[in-house]
Structures are given as structure tokens and as C-alpha cells.
Amino acid sequence: MRPRDDVTPGPGGAGAAASRPAGPATADLPDMADLPVVPGLTESALTGTGLPDAALTETGRPLPGLADTDLECARCDVARTELTRADLTLTAPVADETDAADADGGAPAEAAVQSAPRSGTPVGASDLGDQAEFASGSAAAPRSAPGSGASPAGSALAPSASAPADSALSPAVSASTPSASADSVSAPTPAAPAPTPSAPAAASSAPPPAATSPTPADGPAHHEFAQQWAQRLDPDASADERGELLGRLQDLTQRLVHALSADPGDPHEARAVGEALVATSAPGGGMLEHTFSLIGSWLPRIGTQVPDREAHARRVAEVHGALAAGYADALRTRTLAEEQAAHAAVLGARDDARALAEQALYASEARFRAVFEQSGLGIAIADVHGTVLDVNPALAQMFGLRREDLTGYLGAVMLTEDPPHVAQWYAELLRGDRDHFAAEKRYVRADGEPVWTHLTISLIRDAAGRPEYQVAMVEDVTDRHRLYTRLRHQAQHDPLTGMPNRALFFDRLDAVFAEPGAHDRVGLCYLDLDGFKVVNDSLGHDVGDQLLIEVARRLDTYVSRAGHLIARMGGDEFVVLVRNSAGTGQVVALAEGILATLREPFRIRGHDLTVGASIGIVERPVAGTGPADTMRAADITLYWAKSEGRGRWTVFDSERNDREVARYTLSAEMPAALHHGEFYVDYQPLVSLVDNTMCGVEALVRWRHPRQGLIGPDRFIGLAEETGLIVPLGMYVLERACRAARRWHGAGRPSRLGLAEPERGPFISVNLAERQCHEPGLVRQVERVLAETGLEPERLQFELTESQIMATDGGPLERLRELASMGVRIAIDDFGTGYSNLAYLRRLPVCELKIAGSFVEGLRAPGAADPVDARIVASLVDLAHALGLTVTAEGIETAAQAERLRTIGCDAGQGWYFSRPGPPERIATLLDAAGR
């Protein structure tokens, strides 16, 4: 609403308050100066309504006895309610100037106050229909269309249709009919213009309203009024809720009827109705607005006869004021009660919270004290300077001191001998850069005994985050440390001899190579006992273990005196680590001293036992190598020492190692080479020295390496025997040779040597390794090859060396005899280079001896032959013939050799003099040449 610029003086002679803006709590309240002066609406009727102080007087001054506190509470109450301006927008007809002057003690008629606009939709009195007419007997009074807003100024409840627009104001009532809902309200209409002095006072000539008959106390109109009232207050209520609300409102309707019908009016009844409305607590807004609207529109139907319009307006205003005052007072009372309850709850909660906080603090302190005093861990609290403020009994008992002895002690937590990284962590903690750290520390008890602890130090900060205290948690782990030390010793020492084992040795060796200096050198003596296996096998492992213990004790005494580490690697192997060696001479001298120490016999359980050792020596710079390479070199050197003779030492040779590496490389490449067909077979003729015929052909395997070129059998046959590859390789050579011999079958023409060959062709001679003889399936494999190639068994000959044939016994010998029974020829290769048992030789299924080429070399010179070689060859030939064996001489390179061997009685010869080894086509060419 707009601020008023003037106020007509009311009874009392003083002017109302001038223009004032509405405050936050009264922005939606009407100015009481805007209401007409209604006789009977006294100060007591408005006190407690919650209206502003200026609105509680007719003159703009606060009513006597209304304190500021009451005014503030009233403002708060009104701000929480739906007391809008429309709730108290009342208009009443004003009498003419004479009546007004008489009533107001001489005040002019211009003192009538213009009514403020309502927030609801005003309803003219004409909307009451035929129920009551407030015009002065004229049925032509203008009406406002339903829902069209407020009637024009001066027309509502006007005495006649011709009344001027600026005549006395008429009461503004709801535009709704008794059955209209609260949703039909429209926007507020502007206020009517203020009356002018020249305007006639139309109200003076208005006749009193028509008389109405009294309505029964409990008639249909009352029930309908109660229903409309319930609909307005809670339009969304369910049927049950609506019925409950209707029951309460029917009782209030009866009380309203009593307030309206009593003569004189009973404001107490209306005030009780307002108080009861607060208890109703309907969820809809605008409770007073809806109630006032219904009372104004339904008064003619539910009230009694009212003498005149002025009395009617006065009665409505009295009921409205009393109802509003009761509503506001009850609302204020309820609000104050709620605020007091809330305040009491807050105070109670605050007291409870304080009590709970104090209780929690006490419980926390009790728990901390219980943990501190009764904990099995030692706890110390110190300041940031390291001064101990308090310790618990466990820590005092751990160190064997009293609590008083530790309290106040400076530097009890850290020790000067702590590792650098622990001291750094502690300094970071004191600076606030670290919140905690843990470490294992060694302390000394009061009795001098060491105590190992697991220490955890945590930092406590103040409210600003600065370091204030430090708390040390100390756990006694002495038993665990001792157990760990014992287990670690067991893990790094040999259980039999007590010497360091390979784990500890490799730890020390790795440490040598971890940070090598430019001139650092290292030496190793890797030794293996000679003949120890014989002691174990003959005297038992108990004696062998005792021997190892005595050897270890003697070695440790000698080596430790020199300041070196000796460890048992396992079995009867030991290794000595020489750090910062002075050169190879120092390590060699150490090895000779070890051998000398072991020469003295050991007395074990009544036996005098003597053991030697083979030692491999490695001495080299630390830089440029590693622990694994050094140990590998020492192992290889030990193998060299044992292969060259026992009881000696051997120094690592890099060139020899390169050769060994190349040899091992070939050994690793052989399986793939056999699979890829890199091996092939050459053939060399065996020629009879009697008639100069080709009696046989020897198959010789070769290796065409993709990178190294042609590799002779002297480089890979030994590797094949060591790795076991000789078995598949020998079978490969046998199959190729038998197929080639089968192709030569039937060649009976004379060769280029001028002599005729046998009709069946030459036999094929294949080398047989000792390992092949131990193969259980050798005979079956030979039978399969002969069957697949179609070669007769008599045309196949196996060659074995003298040492191999003498080693055959049991299964290998039986296999040779089985092959011989099939017709296969057995020959001894390189006869005279090994040790032969002639008695054993007689029992072997051998048919031929091949004399080694070393005995034939003395017969190569064109002049006189070496008489010794000639005599040895003659003896071998005589021996073979005595045993019924044929003799073939190898390595014949000259005609003189061939002639001398023929003279001695040798049966056949083989060598470059007759033909170099070549492919099978060369043999076929030689056989074909016999026909030309």
C-alpha cells in the first residue's frame, strides 16, 4: 500500500502518524489509521493483536501500558502468521457531519478515513442477493459483477444509485457468494480517492437496512457456513480430515452466532473463536482473511436483526477486532511457548553437550592413562628438545631404571651411535618435516646387558601446527633379534662344518664387485678334494663326514690366519676369497700352502686317511668383470686341474678358455645342425694289398658349418660322445652309408687299379661309438636299416677303438656277439694305441684289426725303413694272423709304404695313396672305371 500523506484527526484531537515505510515485520499489515473509527473498538480490544505500535491507537501514539517487549513479540507473531492487510481491511458507512460531530465530540465529518485496498477480491453488499439489501429501500443499487474486482469507489453499500463517487465509504466485503471458493479472489484494486469538502454527505440520508428475521441457532445456514469455512481453510483435506475439521468449525460457528446475535455484542466469544482458530492449525494460508470474508458475507444469514447500518458495521468491526485480537494473542502465546521450549531445548542441549564433552574428555584421559600405565610397550613423552617429561612403568622396567631416573633426562631417545639415516629422520621430525618414523635400535640396560628395541617416534603438534611434543613407543625385541641372528647364522653357515656356506660367500663376493675401485683386484682358489668319494664308498658316510669336519677345521685355521674367507660350497668343494689381492703370485702361494696343509694324514676312527686337492686359481682386476664370470672361470680352471692330474693347482688361461668356449658352443649347435642336415658322409676305399682290389669303403662323417665352414670329426666327435648326440648321429651315418653301399651292389667290373672286384661290391665300414654299444635297441635298429636298404649283413662292418672294445662287457658285449651272429663284421680301429688284453681279445667276435697310422709313419721314407716301426708292425700282423684276424694298415701315403706293408704280410691298406675321402659318386666312378 502507498504511504499516507495526511491523516484526519480522530477522537482525542491529535493527528495520526504521517507517512512511514513498513518495517520487515509489518510490511503486510494495514495501517490502523486507514481503518474507520469504530465506536466500541477499544484499546483493550486491540491490545495483543500483534499490530505495530502506531496501529494500536486512534491518534498514532502507542496505547498506555503496551511495553516495547510486547510490541516486539507482537511484530514477530504477526510476521509468522497470515495476518495480511486484507485480514483487517474493514470499511463502515460514516454518518453525516452532524452525526459525526456529535459522536466524536465536535470533530468535522472530514475526519472519516478512507479505506485501504484489500488484497482479496472485494465483494459489494449487493452480491448477497435477495438475502439482505443494505441500500435505502432501492432495489436498483448497482452491483459488481462476480469476479470483476472491487466496486467503484462510493458505490458499494451506497444509499442510492445516484450517490456521488466521493460519498462516504461503504464497507468492503468479499465478492464471493456464500458458495464461492477461496480460489476465486483476484488482484487488489486501487484505493478510492479521498472525499472532498464540497461533496455532499450521502450517508446522512440513507435509511436503515431492512430488518431480517433471526436465524435459528442450529439451522442449515450455520451448517453451510461451517462447510464453506472448512473448504476455505483446508481445500486439499481428505474426507476424514475434512470431517474432523468441520466438527470443530461447527462449534466455532455457534459461538460466532452468539457473538453476532448478542445485544449488546459479546467480544469475548469472538476472541475465544480467534484463539480456537490457532488451535485448529489448518495447513492453508490466509485463515483470518477467509474467516473475515465469510463473516461479512454470511452475517445476514447467520446473525440476528441489526437495527441499522451503523450498528451493523460496528458489530462486524467488533467481531473482527475481537477475533483478530484472540487469534493474535493465542498465536503469540503459542509462539512464545514454542520459543521458550526451543530455548530450553537449546540450553539443555548445550548443557548436555558440555556434560558429554566433559565426560568424553574424562573418559579419554582415563583411557590414555590406563594405556600409558598398563601398556606392555615402553612409552616416553618428551619435548622437542629431547627432554623426557614422563615415562611409563614398562619403559623403566625395560631399561632397569626407575621412572624418576628417566624423567628429565636429555637425549634418552636417540643415541650418538645411531646410523646416519636414523639421525636424519629424527632431525626432520623435530623440524616438523616428518610426522613419525620407525627404526630398530640397540640400547644398554642399567646392568650392562644389551636390549634390542623397535622404536617408533611420533610428533605431536600444537593448535598452530608447530612441533610441541614427541612420543616414543619402545618395543623390546631382544628375543626376536636373537632368534633372527641365530636363524641368519644358520642360513649363512654350513651345518656340518660350521664354515660359511655358499650364500654367505656370494654375499661377500657381490660386495667386492658392488663398488669396484680402479686398482682393486680379487682372487679365488676353488678346490675339490681328491679321493674323497673312495672314503665315502669304502668307510661310510659317517667317516666321510668326520673327515670333512677335520679338513674344514684345518683349512679354516690356515686361511683365516691369512685374513681370507673360506666357505664350503657343497660336498667336498671349498672356495677361498682373496680380497684386494696383490697379484697371481699371492694366490698361487696360498694354493700351495693349502695343498701342503692337506698332506698330513687325518686320524678318523682308527683310520689314517690322506686326501689331496685340485685347485683352480683365478686372479684378475675387479673392474670389467662380475661375480658370475669370476666363479665360472674358477670352476673351469678346477676342471682343468682335475683333468690334468690330481693334487695340483692350475691358473685360469683366457686363451684356453676361449677354446673351451668355442668347443662348448659347437656342442650346443650340434642338435640343430643334425636337424638341418649340416652333417654329410664322405667315403674312402679300403684296398687289398694282396691283389690290389677295392675290398671295402669306410664312411667318414663331416660337418659343413654355416659360419665356420668345414669342421673335421676330430673337433665334434668327442663333443657328440659327451653330450650323447653320438647316438642319433651314428644312426644317421649308418643309414646313409648302407644306402650308398646298396647302390654299389653288383659292380663286378675291374677298377682303375687293374684288378677285378667282387661281384657283390665292397663292404661298408661304419664307426660305432661306445655309447652306441650301450643302447639296448642297437641290434633292432641295425636290423631295420638293413631291411630298409636291402644291404646284406655280410657287407656291413662296425669299427670300434681298442679302448672301447676292451670296455665292452655284459650288455655291450652281448650286442656285439648278436651282430656278429647276424653276419655283421666287427673290427678294432687304431689297434696298438691302447691297452689290450690278449686273452680277452680272443673271446671277442672280432674279424679284423686296423693298425694305427702312427706305426706306419716309420715306413713312409723311400730309403730304409725305421726298423723299430717295421718290427712293431710285423709283430702286430703276426699276432692278428695268429688270432685268425685280417690286418688293415691306415695312413698309407706312398708307394714305398704300401710295398713294405705288403712285404710284412699286411692284408689291406687305407690312405691318400689309394684315394682321398670323397662323396659316394667318386666310389661309383672308381667302380665304373673297372670296366674300362
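This is a predicted model: local features need pLDDT of at least 70, side-chain atom pairs count only at pLDDT 80 or more; totals for chains, interfaces and linings use all residues.
User: What volume does the largest pocket have?
Analyst: Rolling a probe the size of a water molecule over the atoms shows where empty space is left. For the largest pocket, the volume comes to about 810 Å³.

User: Which residues lie nearest the centre of the largest pocket?
Analyst: The lining of this pocket holds 32 residues. Nearest its centre lie Glu698, Leu700, Pro713, Asn767 and Asp829.

User: Which element gives the most to the lining of the largest pocket?
Analyst: Several elements supply at least two lining residues each, including α19 (713-723), α20 (726-743) and β20 (825-831). β16 (694-705) is also one of them. The top contribution is five residues, and it comes from β16.

User: How many residues of that lining are charged?
Analyst: The lining of the largest pocket has 14 nonpolar residues. Its polar residues number nine, and its charged residues number nine.

User: How are α5 and α8 oriented, and what is the handedness of their crossing?
Analyst: The axes of α5 (residues 239-261) and α8 (residues 309-374) come within 10 Å and cross at roughly 135 degrees. The crossing is right-handed.

User: Which residues of α8 does α5 meet?
Analyst: On the α5 side, the contact uses Leu256, Ala259, Leu260 and Ser261. By class, the contact of α5 with α8 has five nonpolar, one polar and one charged residues. The α8 partners are Arg315, Val319 and Leu323.

User: How are α6 and α8 oriented to each other?
Analyst: Two packed helices are described by the angle between their axes and the distance between the axes. For α6 (residues 267-280) and α8, the angle is about 40 degrees and the axes are 7 Å apart. Their crossing is right-handed. The pair is therefore oblique.

User: How many charged residues does the contact of α6 with α8 have?
Analyst: α6 contributes residues including Arg271 and Glu275, and α8 contributes residues including Asp329 and Arg334. The contact of α6 with α8 has 12 nonpolar and two polar residues. Its charged residues number four.

User: How are α20 and α22 oriented?
Analyst: α20 and α22 (residues 778-789) have axes 9 Å apart, at an angle of about 30 degrees. Angles under 35 degrees fall in one class, so α20 is roughly parallel to α22.

User: What is the handedness of the crossing of α20 and α22, and how many charged residues are in their contact?
Analyst: α20 passes α22 in a right-handed crossing. Among the residues that meet are Glu735, Arg739 and Arg742 in α20, and Arg784 and Glu788 in α22. The contact has six nonpolar and two polar residues, and the charged ones number five.

Conventions:
Residues are numbered from 1 along each chain as its sequence is written. Side-chain values use heavy atoms; hydrogens and water are left out. On a 1 Å grid over the protein atoms alone, a cavity is a set of points where a 1.4 Å probe fits but cannot get out, and a pocket is an open set with protein on both sides within 12 Å along at least five of seven lines; lining residues have an atom within 4 Å of a point. Grid points are joined across faces, edges and corners, and a volume is the space filled by probe spheres set on the points. Helices (H or I, at least four residues) and strands (E, at least two) are DSSP runs, numbered from the N terminus. Ala, Val, Leu, Ile, Met, Phe, Trp, Tyr, Cys and Pro count as nonpolar, Asp, Glu, Lys and Arg as charged, and the others, Gly among them, as polar. Axes are lines fitted to C-alpha atoms, for helices over the stretch in contact, and angles run from 0 to 180 degrees between N-to-C directions. A crossing is left-handed if the near helix is turned anticlockwise from the far one by less than a right angle, and right-handed if clockwise. Contact means heavy atoms within 4.5 Å. Angles under 35 degrees count as roughly parallel, over 145 as roughly antiparallel, 65 to 115 as roughly perpendicular and the rest as oblique.
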